[in-house]
Amino acid sequence: MKPNVLTVAGSDSGGGAGIQADLKTMLALGVHGMSVVTAVTAQNSLGVQGAWELPAEAVRAQYRSVVDDIGVQAVKTGMLASAELVETVAELLAGTDAPAVVDPVGISKHGDSLLADSALDAVRKKLLPVATVATPNLDEVAQLTGVRVETEEQLREAAAAVLAYGPRWVLIKGGHLSGDAVDLLSDGTEEHWLRAPRYDNRHTHGTGCTLASAIAAHLAMGRSVPEAVTAAKEYVTGAIAGGFALGGGIGPVDHGW
Ligand code: PLP
């Protein structure tokens, strides 16, 4: 039987990020993908033209429908839009044994806000503590902890600052630093440095969603956190290498390579 993996995230009408990226990643990795939609965005390669969040009741009902009947072996969270939805999802995750990969989505590559500033405290105090793995990029680290990373060595400080909020593991994505794409996975005692060559490709829309979904898929297949993150990084590196032009702006990574 295929493992069941659930994404709790926003819809990207352009199909490159969000729920659409998550489900394509899950299909590519051979697990059964399911979705709880938290928000709908009107979005394309140029940016986010509009965003509407769903009522907390609708998020809770979708989650219950999936979990109570089908069951989940891993959950991934993405765009949660508001403090109320962050708190709702954190509460739901607290009630499950399935590992949770939390991508603390803040701002898109185009600079569009996908999370209200008033939700940051709920992310720190409610969502991060229930995460098996949190996957912030450097902008999200700065937003959540105030730590600004400019060198590889500072990735350690960033990891410690996020781990202080209680996730079991943190993967700090250092992709915005110059040189190789370097990420640091840490649980406070074990450290894993993950390196991949940098591809000179501007079509990287959906990278973060794809990585977090791939980690969840590999966890659902029974891999340990370091194994799942290593396999997911390989998958996303291939997806970035295959990123392609779409519309007039930033195209998506290639999920189906
Ligand atoms: N849209 C939605 C619904 C998302 O969840 C995300 C990222 O998590 C994005 C857009 C941003 O994608 P990117 O920053 O890769 O362009």
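**Figure 1. Whole chain of the predicted model.** The chain folds into eight helices and nine strands. Its radius of gyration is 16 Å, close to the 18 Å given by the globule rule for 257 residues, so the chain is as compact as a globular protein of that length. The C-alpha trace spans about 45 × 45 × 40 Å along its principal axes. Of the 257 residues, 53% are buried. Among contacts with a separation of 6 or more, 68% join residues 24 or more positions apart.

**Figure 2. Confidence of the prediction.** Mean pLDDT for the chain is 96. A pLDDT of 70 or more is reached by 100% of the residues. The model has an ipTM of 0.91 and a pTM of 0.97. Where pLDDT is low, predicted coordinates should not be read in detail.

**Figure 3. The annotated domain, residues 12-254.** An unreviewed UniProt entry places the feature "domain: Pyridoxamine kinase/Phosphomethylpyrimidine kinase" here.

**Figure 4. The shell around the ligand.** The ligand is surrounded by 18 residues. The closest are G10, A17, G18, S108 and K109. Three elements each supply at least two shell residues: β1 (4-12), β2 (32-44) and α7 (207-220). By class, the shell holds six nonpolar, 10 polar and two charged residues.

**Figure 5. A81, a residue with positive phi.** A81 sits in the loop that links β4 (74-77) to α3 (83-94). Its phi is positive, about 65°, although A81 is not a glycine. Most residues other than glycine have a negative phi. Is A81 buried or exposed? A81 counts as buried because 23 C-beta neighbours lie inside 10 Å, and the cut-off is 20 or more.

**Figure 6. A42 in strand β2.** Strand β2 (32-44) is one of the elements that supply the ligand shell, and A42 is found in this strand. A42 has 14 other C-beta atoms within 10 Å, so it is partly exposed. Which residues does A42 contact, leaving aside its neighbours within four places in sequence? They are S13, Q49 and G50. E53 lies 11 residues from A42 along the chain. The C-alpha atoms of A42 and E53 are separated by 12 Å.

Terms used. Residues are numbered from 1 along each chain as its sequence is written. This is a predicted model: local features need pLDDT of at least 70, side-chain atom pairs count only at pLDDT 80 or more; totals for chains, interfaces and linings use all residues. A residue is near a molecule or strand if its C-beta atom, placed from the backbone, lies within 6 Å of it. Helices (H or I, at least four residues) and strands (E, at least two) are DSSP runs, numbered from the N terminus. Ala, Val, Leu, Ile, Met, Phe, Trp, Tyr, Cys and Pro count as nonpolar, Asp, Glu, Lys and Arg as charged, and the others, Gly among them, as polar. pLDDT is the predictor's confidence in each residue, from 0 to 100. UniProt positions are given in the numbering used here, feature names are shortened, and annotations may be inferred rather than shown by experiment. The radius of gyration is taken over C-alpha atoms; the globule rule is 2.2 Å times the number of residues to the power 0.38. A residue is buried if 20 or more other C-beta atoms lie within 10 Å of its own, exposed if 12 or fewer, and partly exposed in between; C-beta atoms are placed from the backbone. Two residues are in contact if their C-beta atoms, placed from the backbone, lie within 7 Å.
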